[in-house]
Amino acid sequence: MDEKYFPEKIEEKWQKSWAERGVFEVERDAERPHYYCLEMLPYPSGFLHMGHVRNYSIGDALSWYKRLQGFNVLHPIGWDSFGQPAEQAAIKRGVNPRAWTEDNINHMRGQLQRLGISYDWRREIAAHTPEYYRWDQWFFLKMYERGLIYRRMSPVNWCPKEQTVLSNEQSSGGVCWRCETPVVKKDLEQWFVRITDYAEQLLDDMKEIEQGWPERVLTMQRNWIGKSVGAYLDFCIKDTDKKVRVFTTRIDTIYGANAIVLAAEHPHLSELMKDSALKPDVDAFIAGVREARNRATEPGADEEKEGINTGLQAVNPFSGEVVPVWVGNYVLTEYGTGAVMSVPAHDERDFEFAQKYTLPVRQVIAPVTHDAEPSGFDPKLGVDQSIEMKEAFTDYGVLVNSGEWSGKLSDAAMKEMAGFAHEKGFGEMAVTYRLRDWGISRQRFWGAPIPMIHCPSCGIVPVPEKDLPVELPTHADFTATGQSPLETVPEFVNTNCPKCGAHARRDTDTMDTFVDSSWYYFRYCDPHNQDAPFDKEKVEYWAPVDQYIGGVEHAVMHLLYTRFWTKFMRDIGLISFSEPVKNLMTQGMVVAETFYREEGGAKTYFNPAEVDVVRDDKGRITSARLIKDGQAVVVGPFEKMSKSANNGVDPNEMISAYGADAVRMFILFAAPVENDLRWQEAGIDGALRFLRRVYTFAWRWRDAVKSAPQVAPDASTFSAGARALRHETHRAIERVTRDLEALHFNTCIAALMELSNAFGQFAATPESASDADRFAAREALEALVLMLTPFAPHISEEMWEGFGHEGGILAGEVRWPVADEELARKEELEIPVQINGKLRARIRATPDASEEHLRETALADEKVRAWTEGSQVVKVIVVPQRLVNIVVR
């Protein structure tokens, strides 16, 4: 241990030591409790920024803490290395996606290793390797065998100029990312996974994780699954033999229906309109809806309600009333049947639509008073329809103006009316879900090839398992249009049918990258298995994941898909549990200032490192100019660190300036982990100063710590300062342990800083300290170092070694410190002692000290004895916790 703290030297030393000794490499151990800590695996985009550092520092702090508690901790890392950005790089820069990806992985791996994150690197995986995606394909085949995978026509984003399929990101704003041509929808045959078969399980099994997952995430998943209990009803189209089936959750409102409204993509609309004179107008409206949806991120969400009357009429199956048939942009084929009954009096969306097109509004549900009767009218007679409704009444209530059902409460009426519809043959009870089947086809190169073969004679034939993996070719023509790049590689496309042996073609779609990330944590448990995705016994030992850490933006895609995938693996006997993750923590983003110039409506962003800023005394920017040319730039809002905003901060630069430990400590201290963190480099300097201070304490006291008693001396031998230090030590242990369990890292670090301050006030010196004082100092410093380890492991290892411990913190029987409840609880007070009304001394005592104890302690104090020597003590007045007054003569 050197006298001065040199972060780079210490961090290199301990990273090398950890690697050589395999400190973080773990195997199953029946003698120890196990713990699986995992951060969401990164996409290898090129470099880590401080947002990534926050994510991985959280997991690493928890992993160190659990190791020090005696747990056998699995903490792995890998790469979500398939995906569109690699293919875009191939198109823009002419680089090979594999080379681009692996170069990025090498760089990012180096960044993680320089941070000193405690991964078991032997378990590293990458989705783009055949050893991994072979099992993506194996799972595909297993799902296909069980009828969970099928193929159907589905619309995709299509650029008519480039003649290519675009992702939602590539068609943002309704135009092609390459040529800015307006994007259209085109139907292609796509592969789908029947995740809807598991919709009810995905809802029901939330009870297993509701204690460990944020309610916000569970709510998002419930809404995404969107279970609706209601009824199907058939409306006959007047003067035809055709019917339109609608889905409604409020069959009790059917007497208020003023129309039925179809989605623009309703499958029967074209047939219904084929002989209508209004067909051109309806077709034009449908085209407009589709064009608008090309530009929308969430069709039907916030767009203005628009519609067109088709001229068709439908018959209400309950009332016999004839109502018009409309097409509306707010009805989606993905919900229910793609057709709804419009009841404006009792649905806000329908009310808005009716107001715009002056459709009639009829109230059929009225509020209920406490005696379960409607307020102010006889339900058999109904309500006064001449009174204009100002808004929809959407609550349940009592039925009015509803024929024989009037007077019934909504709950009872809905059950009876659904039964009546079923009995009469025009409807039935139904449960629908907003959740749609998962489309996994991608017309791209850089993904796991779909293991299916198209034979002219046999049709679609699965690739035999023995022929897996179907490997990606090493090259493709990324400039080709109108087809997947894989179509341009004859040696990939051309094959023989495994059934009949005739010439056939491989499927040229690749899988959605969410497939790769749906099961990767199970592969970490057995990453080199060549015979199966993983060994069941190994997974049963480690999984489910005890703590998963990542962004809330994955709540309804990745986190839903992985829950489904786990249930499928259970159903085929690979595992015995139903949920992949026990506890989920969604950390906030790291946001940073943005700098840009705007020309012609386009913004060019500049990295903060390229900009010279001047700030006022409150840290606000008063001037921002480019370093290279002195030209002024616009200071934009704080945004999430990203490539697009060019505001990412390279952790390597921060590590070079401050050290990895200071960077990690700042990122965990600056804000609660669930909140967004505003990046301010100046904060790292404060973390560095704190570490230097602790290191100085350790250096000055290292020899005294080595020679200190191993067992606490008699309590009476501790000085007042030592007693105070012991209290602060055990109080800090109590607080840090409690807050680490709750993942409140910022308050943990605050408690460590308070303990450091308490040590700084310790009056003893290493040279003059008694055995008891040296024990108190050793106890405080060793506890401080061990509790600092999760946040700053390199400097902690160095100080621990400086105290004479060999083999590193994780060697031997080193364990997380345990608080003495009595010492932590008894905070000593400093109580003034007066003699004849004048302050002569101060004593220390716990808040619950008795009057007798305070009297005896005061009279025994050396200063008091000196002032009272030769005098007679007449009276001792004790005010508990505040004062001792001695009267002498």
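How many residues does helix H16 have, and how far does H16 reach from its first C-alpha to its last? In this predicted model, helix H16 spans residues 558-571, which makes 14 residues, and its end-to-end C-alpha reach is 20 Å. That is close to the 20 Å expected at 1.5 Å a residue. Of the 14 residues of H16, 13 are buried, so the helix is largely enclosed by the rest of the structure. Just after H16 comes Gly573, with a positive phi of about 85°.

The loop between H16 and strand E25 (584-586) contains Glu579. Is Glu579 buried or exposed? Its relative accessible area is 4%, under the 20% limit, so Glu579 counts as buried. Leaving aside residues up to four places away in sequence, Glu579 touches Asp205, Glu208, Ile209, Pro544, Arg563, Thr566 and Lys567. Further along the chain by 244 residues is Leu823, and the C-alpha atoms of Glu579 and Leu823 are separated by 42 Å.

The domain assignment divides the protein chain into domain 1 (32-127 + 517-587), domain 2 (136-194 + 437-513), domain 3 (228-432), domain 4 (590-649), domain 5 (682-824) and domain 6 (829-888). Between the C-alpha centres of domain 2 and domain 5 the distance is 59 Å.

An open sheet can be followed next. Its four strands have the order E20-E19-E22-E21, and their pairing is antiparallel. Strand E20 (459-462) and strand E21 (494-496) each have a single partner strand and stand at the edges, so one side of each is left without a neighbour in the sheet. From one strand to the next, the twist averages 40°. Strand E19 (residues 452-455) pairs with strand E22 (residues 503-506) over two bridges in the antiparallel sense. Opposite Ile453 stands Arg506 in E22.

The cysteines can be considered together. How many disulfides are counted? The count comes to zero disulfides. Cys37 is in no disulfide, and the nearest cysteine sulfur, that of Cys525, is 13 Å away. With a relative accessible area of 0%, Cys37 is buried. Cys455 is also in no disulfide; here the nearest cysteine sulfur belongs to Cys497, at 3.7 Å. Cys455 has 6% relative accessibility and counts as buried.

Helix H20 (residues 720-741) holds Arg735. The relative accessible area of Arg735 is 19%, and buried means under 20%, so Arg735 is classed as buried. Which residues does Arg735 touch, not counting residues up to four places away in sequence? They are Thr747, Ala751 and Glu754.

The last stop is strand E32 and its partners. Strand E32 (residues 829-835) and strand E33 (residues 838-845) run antiparallel and are joined by seven bridges. Ile835 stands opposite Lys838 in E33. The hairpin of E32 and E33 has two residues between the strands, and in it Asn836 takes a positive phi near 55°. E32 also pairs with strand E35 (residues 883-888), this time in the parallel sense, over three bridges. Within that pairing, Gln834 has Asn885 in E35 as its bridge partner.

How values were computed. Residues are numbered from 1 along each chain as its sequence is written. This is a predicted model: local features need pLDDT of at least 70, side-chain atom pairs count only at pLDDT 80 or more; totals for chains, interfaces and linings use all residues. Side-chain values use heavy atoms; hydrogens and water are left out. Two strands pair if DSSP finds at least two bridges between them. Domain bounds come from an automatic or database domain assignment. Axes are lines fitted to C-alpha atoms, for helices over the stretch in contact, and angles run from 0 to 180 degrees between N-to-C directions. The expected span of a helix is 1.5 Å times one less than its number of residues. Buried means under 20% relative accessible area, exposed over 50%, partly exposed in between (1.4 Å probe, protein chains only). Contact means heavy atoms within 4.5 Å. A disulfide is a pair of cysteine sulfur atoms within 2.5 Å.
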